[in-house]
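Good morning, colleagues. Please turn to the display.

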Amino acid sequence: MATLILVHGAWHGAWCWDKLIPELEAKGHTVLTLDLPGHDLPDGAPATTTLEDYGRAVASLANAQSEQVVLVGHSMGGGVISQAPSYSTNIAGLIYLAAFVLQHGDSIATLAGASEVDELSDHVDMAPDGGRTVIQDGAGSFVFYEDCTPEDQAAANARLIPQPIQPLMDALEDMEGRAMALPAIGIVCEQDRAVHPGLQRMMYDARNDMPTYEMDASHSPFVSKPKELADLITKAVMQMADAS
């Protein structure tokens with residue numbers, strides 16, 4: 001199977017993949033994760049963090065591997081895996097999970113603003129420093145983890161950290177189209193309240209009508225349905241390999 005690098009989304013860290021990793025490893029994948037820069041800090045990444053910082057961190061991990069990797073980006077992590085190929089030639093494909101799909105000149109904020117439905121913003125507050133945002137206490141249960149158990153909701157809510165605004169505002173720099181040249185597959189989460197399913201489909205269709213799968217899941221199937229998600233990721237890896 002493949003070497004996978006799992007890239008988390010905003011307000012999260014590598015901890016969010018804990019239930020998914022053993023399911024993927026059981027299918028023969030080598031699974032790597034990372035905390036995006038500053039996301040391993042209790043108070044979160046500094047407000048000066050950029051999309052380039054995120055992309056270079058993922059590219060560095062990809063470049064350290066002996067074989068090409070497949071990047072799996074969740075939510076904001078989709079923007080990160082769109083940026084990482086600018087700094088690495090060791091990437092074989094991209095899997096977008098309820099994710100933002102950036103093309104050159106796009107920003108996550110601009111794409112989010114194109115959504116006809118916004119159920120997230122009312123649950124996000126500005127941090128006192130003015131350069132980061134926080135999820136309101138307990139609101140993750142509604143916007144991120146609605147189909148998770150109460151125990152999993154409480155555990156995940158407790159680990160959310162402030163998110164720098166700048167990476168969401170930064171436009172993707174990929175004039176050579178390196179991300180667009182890679183095979184890619186999207187996974188739509190049909191019950192998503194953070195990135196509306198309609199927006200997911202719109203972004204996926206805009207990327208050369210890339211193949212998509214759909215899950216009856218909220219924004220975080222790596223918590224609520226890790227086995228089903230592992231099955232879809234494996235299917236995506238095999239489809240990209242067959243097409244290459």
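In this predicted model, helix H2, residues 51-63, packs against helix H3, residues 76-83, at an angle of about 70°. The axes of H2 and H3 lie 8 Å apart. An angle from 65 to 115 degrees counts as roughly perpendicular, and H2 is therefore roughly perpendicular to H3. The crossing in which H2 passes H3 is right-handed.

Which residues of H2 and H3 meet? From H2 come Leu 51, Tyr 54, Gly 55 and Val 58, and from H3 come Met 76, Gly 79, Val 80 and Gln 83.

I turn now to the aromatic rings. The structure contains 3 aromatic pairs. In one of them, the ring centres of Trp 11 and Phe 144 are 5.9 Å apart and the planes stand at 35°, so this pair is tilted. Trp 11 belongs to the loop between strand S1 (3-7) and helix H1 (20-26), while Phe 144 belongs to the loop between helix H5 (140-143) and helix H6 (150-157); the pair therefore ties together parts 133 residues apart in sequence.

Are these two residues, Trp 11 and Phe 144, buried or exposed? Trp 11 has a relative accessibility of 8% and so counts as buried. Phe 144, at 2%, likewise counts as buried.

Phe 144 also pairs with Tyr 145: their ring centres are 5.6 Å apart and their planes are at 65°, so this pair is edge-to-face. Tyr 145 is buried, as is Phe 144. Through ring pairs, Trp 11, Phe 144 and Tyr 145 are linked into a cluster.

Terms used
Residues numbered from 1 in each chain as written. Predicted model: local features only at pLDDT ≥ 70, side-chain atom pairs only at ≥ 80, totals over all residues. Heavy atoms only, no water. Axes fitted to C-alpha atoms, helices over the stretch in contact; angles between N-to-C directions. Helix = DSSP H or I, 4+ residues; strand = E, 2+ residues; numbered from the N terminus. Parallel < 35°, antiparallel > 145°, perpendicular 65-115°, else oblique. Left-handed = near helix turned anticlockwise from the far one by under 90°. Contact = heavy atoms within 4.5 Å. Phe/Tyr/Trp six-rings, centres within 6.5 Å; stacked < 30°, edge-to-face > 60°. Buried < 20%, exposed > 50% of the residue type's maximum accessible area, 1.4 Å probe, protein only.
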